[in-house]
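User: Please take a close look at the cavities in this structure. What lines them?

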Amino acid sequence: LQDTNGEPIGVLALFSKQSITPEEDAMLEGIAGITAHVIQTAKVEEELKMERDKLTNIMESMGDGVYIVNQAYDIEYVNPVIEREFGPVEGRKCYKYFYDRDEVCPWCKNKEVLAGKTVRWEGYSVKTNKTYERIATPLHNYDGSISKLEIVHDVTERKRAEQELALFRALLDRSNDAIEVVDPETGRFLDMNEKALLDLNYSREELPFLRVWDIDPAVDQPSFTKIIEGLRKSGSIIWNSHHQRKDGSKFPVEINIKYVQLDRDYVITVVRDVTERKRAQADL
């Protein structure tokens, strides 16, 4: 008899039932049972190997880093992404490999994960100068032990973009002019700075429901389409009109409108309240 890899696992002798004693018959039945068990075990081991190979192939093809560490902080597996970021493991403990520490990290999540919890957090690596979003979950091994499987997603660019966006937002909100961002296809307001919301007396929660013609009585949907067509050709225009507040009151405005193409098309307006200018002109 051979296992699924062709290795010999035993010999099975076949006899005529009439030529053996009851004792020999019982012995042969026992051998047959043992043989069936060995064959079944080999089959199960082969199926487990196939499952392990499938899991390994998935982890090796992932765009995120994946690694497995046991209860003794030994690294059992790293996928190619982790190895490219942090180098070969070379038998180092996880705290030495990832952080160049000689002892367990104070922020280590191993105890929580090995106790059965799935943990998410963000962390910065001095070693790679990157920020990672991490998800760690218990991995139950075939021998009954538990390891930690961790997925490491690089969010450095996202964090940088968030910081730049926060800075841009702060600059917008300090502007003395109202600034609005409009979808050129629908006329919907995508964003406004605090000055624009204050001038119009709308809340940020109401912003997604506003269209250009809701605040500018001189514009309707067809005329908005014509304005956009002109903007696509010229790139910018200056528009003198009136804006209407939530309570229905109006005030004169001068609007500098620009057509901007980034990841998609936007219309950006800088709106200046010219009430005082109009009053001064009237006085003169």
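Analyst: A cavity is a set of points, on a 1 Å grid over the protein atoms alone, where a 1.4 Å probe fits but cannot get out; lining residues have an atom within 4 Å of a point. Grid points are joined across faces, edges and corners, and a volume is the space filled by probe spheres set on the points. The model is predicted, so local features need pLDDT of at least 70 and side-chain atom pairs pLDDT 80 or more, while totals for chains, interfaces and linings use all residues. Residues are numbered from 1 along each chain as its sequence is written, and side-chain values use heavy atoms, without hydrogens and water.

The whole structure holds 2 cavities of 30 Å³ or more.

Start with the largest cavity. Its space is about 170 Å³. It has 15 lining residues; Val212, Asp216, Ile255, Ile257 and Thr269 lie nearest its centre. Several elements give two or more residues to this lining, among them helix 8 (221-234), strand 9 (250-261) and strand 10 (265-273). Helices (H or I, at least four residues) and strands (E, at least two) are DSSP runs, numbered from the N terminus. By class, this lining has 11 nonpolar, 2 polar and 2 charged residues. Here Ala, Val, Leu, Ile, Met, Phe, Trp, Tyr, Cys and Pro count as nonpolar, Asp, Glu, Lys and Arg as charged, and the others, Gly among them, as polar.

Now the second largest cavity. About 140 Å³ of space lies in it. Its lining has 15 residues, with Tyr67, Tyr99, Cys105, Cys108 and Lys148 nearest the centre. Helix 3 (94-99) and strand 5 (146-154) each supply at least two. Helix 3 gives the most, 4 residues. This lining has 11 nonpolar, no polar and 4 charged residues.

Key. On a 1 Å grid over the protein atoms alone, a cavity is a set of points where a 1.4 Å probe fits but cannot get out, and a pocket is an open set with protein on both sides within 12 Å along at least five of seven lines; lining residues have an atom within 4 Å of a point.
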